[in-house]
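Student: Please show me the structure, and then let us go through the terms used to describe it and the criteria behind them.

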Amino acid sequence: MPDFLRLRGLPVFITVLLLGLLLAAPGAHAQGKRQVIQFTGIVAATDSLLGVPGASIYVPKAGRGTTSNIYGYFSLAVLAGDSIVIRSLGYANQTIIIPPDFRRQSYSVVIELIEDATILPEVRVFPYTTERDFKKAFLALRLPTERGSAAADNLNEELMNRIFRSQPVGATANFRQTMSNQSLDYDRKMGMAPNQYSNNPLLNPFSWLQLIQQVKKGEFKKKASDDY
């Protein structure tokens, strides 16, 4: 029997079996290799279907991922069977699982994120290491006396009166005054604000109408009880 049919004195059928397993190993390895898939899609908001920019799309186990662009579009290379997490601030997380037996080279989806507002707890920032140190420093604080201090000088009545009379009007005050004048002019034109006709009874037609009605009713006739 030839030497290549024996391995260390093994029978022929065992040798053939081992050779078959060695030849079949690459095929078995190829079958166990997962399919590479191009995972693409759009991340949108449920209420408006507008793209969500900056959303994270990643595979936690593999440690790879990407983010959506300004239109909510993304593209990521994944493997069949991967679990992909989609998350964005203000929305609930979503998970998409690629089927393990998926054989196509691309997988496209439209992901609708549900709004999930989270109220963050209050954060207090102190210039001291602990709250105890802050209380200690606060209790030891000694404020200057009012007389002769800068605060007292700034609140001087004569100084404040001079600043009030000489300080120019700022941009915000100018804008408010302009808007107020425009609104008042419009109301005057529509007859809903005081004007020269409503302020002067002689120029107000309604006052003349009231006067005529009073004359017709005799309200201006002299009565016996009148002394004038």
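**Terms and criteria**

Tutor: Let us begin with a residue pair: threonine 40 stands opposite serine 108 in β7. The model is predicted, so local features need pLDDT of at least 70 and side-chain atom pairs count only at pLDDT 80 or more, whereas totals for chains, interfaces and linings use all residues. Residues are numbered from 1 along each chain as its sequence is written, and side-chain values use heavy atoms, with hydrogens and water left out.

Student: How many helices and strands does the protein chain have, and what makes a stretch a helix or a strand?

Tutor: Helices (H or I, at least four residues) and strands (E, at least two) are DSSP runs, numbered from the N terminus. The protein chain comes to seven helices and seven strands, and along the sequence the pattern is α-β-β-β-β-β-β-β-α-α-α-α-α-α.

Student: Why is strand β1 described as largely enclosed by the rest of the structure?

Tutor: Buried means under 20% relative accessible area, exposed means over 50%, and partly exposed lies in between, with a 1.4 Å probe and protein chains only. In β1 (residues 36–45), seven of the ten residues are buried, so the strand is largely enclosed. For the protein chain of 228 residues, the share that counts as buried is 15%.

Student: What makes β3 and β6 edge strands?

Tutor: Four strands form an open, antiparallel sheet in the order β3-β2-β5-β6. Strands β3 (64–67) and β6 (94–97) each pair on one side only, and these are the edge strands. Neighbouring strands of this sheet are turned by 20° against each other on average, direction ignored; the axes are lines fitted to C-alpha atoms, for helices over the stretch in contact, and angles run from 0 to 180 degrees between N-to-C directions. Within the sheet, strand β2 (residues 56–59) and β3 are joined by four bridges and run antiparallel, with threonine 66 of β3 as the bridge partner of isoleucine 57.

Student: Why is the contact between arginine 34 and aspartate 82 called a salt bridge?

Tutor: A salt bridge is a side-chain nitrogen of Lys or Arg within 4 Å of a carboxyl oxygen of Asp or Glu. For arginine 34 and aspartate 82 the closest N and O atoms are 3.2 Å apart, so the pair qualifies. Because arginine 34 lies in the loop between α1 (12–32) and β1, and aspartate 82 in the loop between β4 and β5 (83–87), the pair ties together parts that are 48 residues apart in sequence. By this rule the count comes to three salt bridges.

Student: What separates glutamate 131 and lysine 135 in helix α2?

Tutor: Being four residues apart in helix α2 (residues 131–139), they are separated by about one helical turn. Salt bridges that share partners, on the other hand, join Arg34, Arg64 and Asp82 into one network.

Student: Which residues touch the most other members of the largest nonpolar core?

Tutor: A nonpolar core is a set of buried Ala, Val, Leu, Ile, Met, Phe, Trp, Tyr and Cys residues joined through side-chain atoms within 4.5 Å. The largest has 21 residues, and Phe39 and Val43 touch the most other members; β1, β2, β4, β5 and β7 each supply at least two residues. Contact means heavy atoms within 4.5 Å, and valine 43, leaving aside neighbours within four places in sequence, has contacts that include Leu50, Ile57, Phe74 and Ile111.

Methods. Two strands pair if DSSP finds at least two bridges between them.
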